[in-house]
Amino acid sequence: MPTTRELTARHSASPVTVQKALRTLVAQGVIETRPGAGAFVRTVRRARSQDFAWQTAALGAQAWTASASSAALRAVSTEMIALHSGYPDRELLPERLVRAAITRAARGDSAVSRPPSAGMPELQSWVAMELGRQTPAGFSTPTARDVIVLPGSQLGLGSLFRSIVGAGGVLLVESPTYWGAILAASQVGVTLVPVSTGVDGPDLEALDRAFTETGARAFYAQPSFANPTGVQWGRPHADAVLGIVRAHRAFLIEDDWAHDFAITSDASPLAARDDGGHVVYLRSLTKSVSPTIRVAAIVARGPLRERLLADLQAQTMYVSGVLQAAALEVVTQPAWNTHLRGLRQQLAARRDLLIDAVHTRIPTASIEVIPAGGLNLWVRLDDDTDLVRLARECEARAVMIATGDEWFPAEPTGRYIRLNFAGPNPGAFDTAAQRIGEALVAAASS
């Protein structure tokens, strides 16, 4: 390549512009720089066919059934009206707090030091304190030592299922339930037994019977703003579930994923009312703080805590100190509580806007639960709806939806779609609902 001086003269460009162009070409792999020799165009490699058939025999049979990526994780163009995502829109995040926290964390000791395997003590203390605030008198509050920090709740689900249930064991779950929990159980080799759930929570008789018949060690559930249904258990129902779990000397794995997304009712963790080690509490900050900050925590008491820590150490060793420090700074700032108050109002407005659009534009649809928190509406359609065709017709009309079948651990009990009211462009909700209605007609007639 010509020198920088020659390129500057030849193209009448500044040296800064030329250097920037060269850096871009290096990043793209077009050229390479050799110290003391200059820049050189890289050899053009000719494409050739590749044969990976040998891997089929080398890998052997798959130990668990792979699942295609959830519709909730699909990235779409800005032209699409996105109602499928499982994450809140960027404008609902504390962006200013996050940027400042990451900058400060990168300048501190956390950028160059290894944190303890169980997490930064300050972050452990904050998680314990948050749960302790909701612990009634007469119950012992969790301590920082009961907390294990981990890189996202999805990894935590796998570790919990492996440590409590184990490969070949039985895990009770609500039906429908979080698709990520179904996937984690499949990877671990756990057999799922569904327990029907309604607008008040899981069927108590069915839960007790399932424990008795299967000998299951654990029940995975989301008592506050369940994904996908939006159901929140009432206090008497929650206490009854906890009583059943205790009677069977089992564990309740409580996934409090939507703790920070309260709208008309606050999250009420069952873990705050259990100090006997029956409730294992999982809380994530990824959705409410930032998707780039993969930080979650498990609160576990007794021998289970040590088993979980050993399992997590074998998988991750520790969580990035920078991410932990940034997360801690965000949630301990006074502006965090101000952000949550504003978020509650924004989620309420978006939820109501989407509900009105569904009721107006999709008369055959029904919404059984108006969620008091969370990010989603669980919408029931006619039982003869072809969901695959519907999703395809919606996408052709520039609307992305998440079909409901992937949230059922067994056969679906109806035809549902999950719509995210926390996504971008709420002004397009009415248009989206109209197009979904048109897609339903087209799917039924084709």
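Tutor: Trp378 is buried, since its relative accessible area is 6%, where buried means under 20% relative accessible area, exposed means over 50% and partly exposed lies in between, computed with a 1.4 Å probe on protein chains only. Trp407 is buried as well, at 0% relative accessibility. The model is predicted, so local features need pLDDT of at least 70 and side-chain atom pairs count only at pLDDT 80 or more, whereas totals for chains, interfaces and linings use all residues. Residues are numbered from 1 along each chain as its sequence is written, and side-chain values use heavy atoms, with hydrogens and water left out.

A search of the whole structure gives seven aromatic pairs, and rings of Phe, Tyr and Trp (its six-membered ring) pair if their centres lie within 6.5 Å, with planes under 30 degrees apart called stacked, over 60 edge-to-face and the rest tilted. Trp378 and Trp407 are edge-to-face because their planes stand at 75°, with the ring centres 6.1 Å apart. This pair links distant parts of the chain, 29 residues apart: Trp378 belongs to strand 13 (residues 376-381), while Trp407 is in the loop between strand 15 (402-403) and strand 16 (415-420); strands here are DSSP runs of E with at least two residues, numbered from the N terminus.

Phe408 and Tyr416 make a tilted pair, 6.1 Å from centre to centre and with 40° between the planes, and both of these residues are buried. Together, Trp378, Trp407, Phe408 and Tyr416 form one aromatic cluster.

Key:
Helix = DSSP H or I, 4+ residues; strand = E, 2+ residues; numbered from the N terminus.
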